[in-house]
Amino acid sequence: MHHVHGVEPNATIGEIKSMFHKSHPQWYPTRQSIRLDAKGKSLKDEDVLQHLPVGTTATFYFRDLGAQISWVTVFLTEYMGPLVLYLMFYFRVPFIYAAKYDFTTSKHWVVHLACMCHSFHFVKRLLETLFVHRFSHGTMPLRNIFKNCTYYWGFAAWMAYYINHPLYTPPIYGEQQIRLALVLFLFCQIGNFSIHIALRNLRPPGSKTRKIPYPTKNPFTWIFLLVSCPNYTYELGAWLGFTLMTQCLPVAFFTLVGFIQMTVWAKGKHRSYLKEFRDYPPLRSPILPFIL
Amino acid sequence: MKTTHGDVAARKKKGPGALATAYLVIYNVVMTAGWLVIAVGLVRAYLARGSYHGLYYSIEKPLKFFQTGALLEVLSRVFLTWAVTHSVREVRRRLLFYFHFEIIIGYSFNTSSWLNPLRYTFFFALYPMGVSGELLTIYAALPHVQKTGLYSVTLPNKYNFSFDYHGFLILAMVSYIPLFPQLYFHMIRQRKKVLGHVEDYSKVE
């Protein structure tokens with residue numbers, strides 16, 4: 001049992017966490033989970049003490065969430081890897097391919113295009129992390145960074161190895177295939193960005209409010225009529241485009257795995273929307289219109 | 001504040017439902033029977049021929065059938081028997097004895113929980129035996145895989161993909177180093193739980 005004294009009735013959970021942190025310096029606030037019931041849900045930082053079902057003394061259950069790391073740090077690290085690694089393969093840095101190929105460049109123009117697209121994609125993600133996204137949670141468990149980086153860095157290296165390989169085979173249908181793939185890729189990059197902006201605008205700076213997203217004047221957001229998480233829909237489209245462009249099986253695997261993960265996330269988000277909002281538009285599917 | 005570190009109140013674990021239990025029992029009975037059939041078939045073939053030659057072919061059909069069933073349970077053992085022995089003649093013989101002995105014991109113990117004390121104690125020896133059997137088999141198969149390029153794909157090809165089965169097998173062997181101790185100690189912990197439980201019941205009597 002730990003005691004915290006002199007707490008004002010109008011104190012928030014967040015403030016209580018800070019007070020608790022002072023007496024227990026190893027448990028910084030983001031690592032604390034506080035609940036009224038041992039098996040209940042975690043209380044939010046914004047909850048006010050006097051609005052909770054407690055008397056003049058309040059008993060809470062505490063749980064240590066373990067070492068935490070900020071979402072921004074995780075995103076920046078996990079996206080930096082693919083950007084740098086892919087370029088290493090593109091420039092054929094020594095010890096990857098046979099020595100005679102060191103620092104040579106591919107003779108296929110699609111390989112240069114692919115490098116530009118891949119790099120653009122991750123630069124976009126990095127910038128969005130810094131300037132666009134408004135995160136609900138400040139932190140996540142530390143072990144996630146190892147898991148996430150293994151995924152992103154591993155797949156990036158695997159894809160890049162084949163696309164930039166001296167024995168790379170360009171797409172079967174040549175320019176037609178590459179052009180179609182590029183159009184799809186760019187369309188979905190713009191779409192994905194449009195959704196990120198729309199979601200950002202739903203939420204005032206520094207707040208964690210949740211609202212139903214609706215189509216805006218931007219045609220790329222009209223997909224909100226049919227889908228709850230169109231950012232994932234567009235992301236899938238972009239990677240399908242990249243798969244078509246490079247005609248590379250590892251890229252197809254990456255697209256598939258990403259699709260599975262995003263579908264799980266989209267279904268969860270869709271369910272939360274339905275639970276939270278009575279008037280949630282019934283026509284919407286989680287990630288693929290009418291299908292999934 | 002009351003503190004509960006790590007996981008909160010231990011939730012009561014729900015056991016498998018009636019349907020799941022029935023499935024498990026039937027599955028294990030069938031597997032025990034299947035592997036017994038194969039073992040008997042082996043012994044009979046050996047007695048008939050008087051040598052180990054051609055032993056594999058005498059039980060190939062039931063072997064293939066029951067391996068597909070085992071896929072549901074332990075992925076690594078299926079990969080081993082199916083992929084390695086199916087194609088690598090030289091190591092088939094060696095494998096059969098380690099492997100089937102362990103499987104028969106394993107599946108027969110799954111059928112009745114009163115055998116648990118035996119099962120959990122036998123595993124002390126069986127696990128290392130089984131693992132060494134698997135590792136030895138993979139190791140023996142390596143030169144053949146390298147020579148023939150078995151299951152391997154090289155560049156260039158239109159999918160821009162390659163796979164080196166030889167390298168993959170080496171990786172699989174290395175992965176035993178972290179995986180085997182984890183499995184082994186998990187079983188030790190399970191054993192303490194299960195056998196400890198049995199002792200409690202006898203005290204109540």
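**Note on a predicted two-chain model**

1. Chain B contains 7 helices and 1 strand, helices (H or I, at least four residues) and strands (E, at least two) being DSSP runs numbered from the N terminus. Along the sequence, the elements of chain B are ordered β-α-α-α-α-α-α-α. Of the 205 residues in chain B, 36% are buried; buried means under 20% relative accessible area, exposed over 50%, and partly exposed in between, with a 1.4 Å probe and protein chains only. Contact here means heavy atoms within 4.5 Å. Of the contacts in chain B between residues at least 6 apart in sequence, 70% join residues at least 24 apart.

2. On conventions: this is a predicted model, in which local features need pLDDT of at least 70 and side-chain atom pairs count only at pLDDT 80 or more, while totals for chains, interfaces and linings use all residues. Residues are numbered from 1 along each chain as its sequence is written, chains are lettered from A and ligands numbered from 1 in the order in which they are written, and side-chain values use heavy atoms, with hydrogens and water left out.

3. Chain A has 7 helices and 4 strands, arranged from the N terminus as α-β-β-β-α-α-β-α-α-α-α. Its C-alpha atoms fill a box of roughly 75 × 45 × 30 Å along the principal axes. Buried residues account for 45% of the 292 residues in chain A. Among its contacts between residues at least 6 apart in sequence, 75% join residues at least 24 apart.

4. In chain A, the axes of α6(A) and α7(A) come within 9 Å and cross at roughly 175 degrees. Axes are lines fitted to C-alpha atoms, for helices over the stretch in contact, and angles run from 0 to 180 degrees between N-to-C directions. The crossing makes α6(A) roughly antiparallel to α7(A), a term for angles over 145 degrees, whereas those under 35 count as roughly parallel, 65 to 115 as roughly perpendicular and the rest as oblique. The residues of this contact divide into 12 nonpolar, 3 polar and 1 charged. In that division Ala, Val, Leu, Ile, Met, Phe, Trp, Tyr, Cys and Pro count as nonpolar, Asp, Glu, Lys and Arg as charged, and the others, Gly among them, as polar.

5. Aromatic rings of Phe, Tyr and Trp (its six-membered ring) pair if their centres lie within 6.5 Å; planes under 30 degrees apart count as stacked, over 60 as edge-to-face and the rest as tilted. By this rule there are 37 aromatic pairs over all chains. The rings of A:Phe20 and A:Trp27 have centres 6.0 Å apart and planes at 5 degrees, so this pair is stacked. Both A:Phe20 and A:Trp27 are buried. For A:Tyr232 and A:Trp265, the centres are 6.0 Å apart and the planes at 40 degrees, so the pair is tilted. This second pair links distant parts of the chain, with A:Tyr232 in helix α6 (residues 230-246) and A:Trp265 in helix α7 (residues 249-276) of chain A, 33 residues apart. A:Trp265 is partly exposed, at 46% relative accessibility.

6. Two charges sit over rings, as judged by NZ of Lys or CZ of Arg lying within 6 Å of the ring centre and within 35 degrees of the ring normal. The charged end of A:Arg92 is over the ring of A:Tyr97, 6.0 Å from its centre. A:Lys269 lies over the face of A:Tyr273, 5.0 Å from the ring centre.

7. Also in helix α7 of chain A is A:Thr263. This residue is buried, with a relative accessible area of 8%. Residues up to four places away in sequence being set aside, A:Thr263 touches A:Ile287 and A:Leu292.

8. Some backbone features deserve attention. Most residues other than glycine have a negative phi, and most peptide bonds are trans. A:Phe103, not a glycine, has a positive phi of about 60 degrees; A:Phe103 lies in the loop between α2 (71-90) and α3 (109-131) of chain A and is exposed, with a relative accessible area of 58%. In chain B, a cis peptide bond joins B:Leu155 and B:Pro156, with omega about -10 degrees. B:Pro156 is in the loop between α6 (116-148) and α7 (165-204) of chain B. B:Tyr151 is placed in the loop between α6 and α7 of chain B, and its phi is positive, near 55 degrees.
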